[in-house]
Amino acid sequence: MTEHGVRDKVVVITGSGQGLGRGMALHLGKNGASIVVAEWKPEKMASTVAELEALGVPVLGVPTNVFEKDSIDAMIAATVEQFGRVDGLVNNAQTFRPNAPMAEVSGDDFDTFYASGVKGSLWAMQAAYPHMKGQGWGRIVNFASSMGMVGFQGFGAYNASKEAIRAISRTAAKEWGADGIVVNVICPGGGPRAQAAVARGDEAALEFSKSKPIPRVGDAEDDIAPVALFLCSDACRWITGQTFLVDGGGLLFA
Ligand SMILES: NC(=O)c1ccc[n+]([C@@H]2O[C@H](COP(=O)([O-])OP(=O)(O)OC[C@H]3O[C@@H](n4cnc5c(N)ncnc54)[C@H](O)[C@@H]3O)[C@@H](O)[C@H]2O)c1
């Protein structure tokens, strides 16, 4: 029978020093994957690495800035040097900046979201591709947002970058399917920041969480990471180019 989990898979997760990336690193690591923590903040990287080491998970921390192609190339090279392969790539990192209404979106806003989110995902996919192709097996998970899908007001530059990430994911899915590589997208909702806001009684956060069909805040490790695990596993062998809304049904009420 085919092994349908991520046991012994080598999975790179960008931006895994905190938030959803950290949750996915812990969940996939607990389920047998070797994890590469690719993160630009050294103290955050060290923190997730220490958590994984304490669990006995094979882990490599690589300081990585997804703005820089060279940094991403070096991270994938370090992954292959350490573990001999790269099976899964989760492009979760993106650099945020305050959003603005469309009338005020600046070139800097666009450049920041595009360079870290769209180009960062593209450079990482390109760096991993020859290794995955050589293995005849690869799983790529990119991170977009339902805010982009519905054109959420006040977030034009972010929304544009997230929809571009979905676009390159579909094209890579078409070009690389014959190589044994599937490429899918998660639009998540939840994580530690929203959990903390609800915990401190933030009215808007409470109202938003209760408005969902599943009326609570999603947990990075227990609610979102299991979908990433599936998308990085052999069970996800007949799905590619698709977007998964992992948000408690939130978009139904958008
Ligand atoms: N949390 C949500 O509800 C939500 C909703 C929709 C989409 N998303 C997407 O999910 C992903 C993770 O979101 P999150 O809430 O966990 O974010 P977060 O801000 O909590 O964590 C992002 C992580 O990425 C790292 N990072 C940022 N810029 C980087 C760079 N240039 N190079 C390397 N690392 C970098 C940060 O240091 C941090 O550890 C993002 O792509 C985000 O747009 C999140």
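**Ground rules.** The model is predicted, so I took local features only at pLDDT of at least 70 and side-chain atom pairs only at pLDDT 80 or more, while totals for chains, interfaces and linings use all residues. Residues count from 1 along each chain as its sequence is written, and side-chain values use heavy atoms, with hydrogens and water left out.

**Sheet.** I looked up the strand order and got β3-β2-β1-β4-β5-β6-β7, an open sheet of seven strands with parallel pairing. Strands here are DSSP runs of E, at least two residues, and helices are runs of H or I, at least four, numbered from the N terminus; two strands pair if DSSP finds at least two bridges between them. β3 (59-63) and β7 (243-246) are the edges: each has a single partner strand, so one side of each lacks a neighbour in the sheet. Strand-to-strand twist averages 20 degrees.

I then checked β1 (residues 10-14) against β4 (residues 88-91): parallel, three bridges. Val12 sits opposite Leu89 in β4.

**Helices.** I found α3 (residues 69-83) lying across β1, β2 (34-39) and β3, at about 160 degrees to β3. Angles run from 0 to 180 degrees between N-to-C directions, with axes fitted to C-alpha atoms, for helices over the stretch in contact. α4 (residues 107-135) touches β4, β5 (138-143) and β6 (181-188), at about 175 degrees to β4; contact means heavy atoms within 4.5 Å.

**Cysteines.** I searched for disulfides (cysteine sulfur pairs within 2.5 Å) and got zero. For Cys187, the nearest cysteine sulfur is that of Cys236, 15 Å away.
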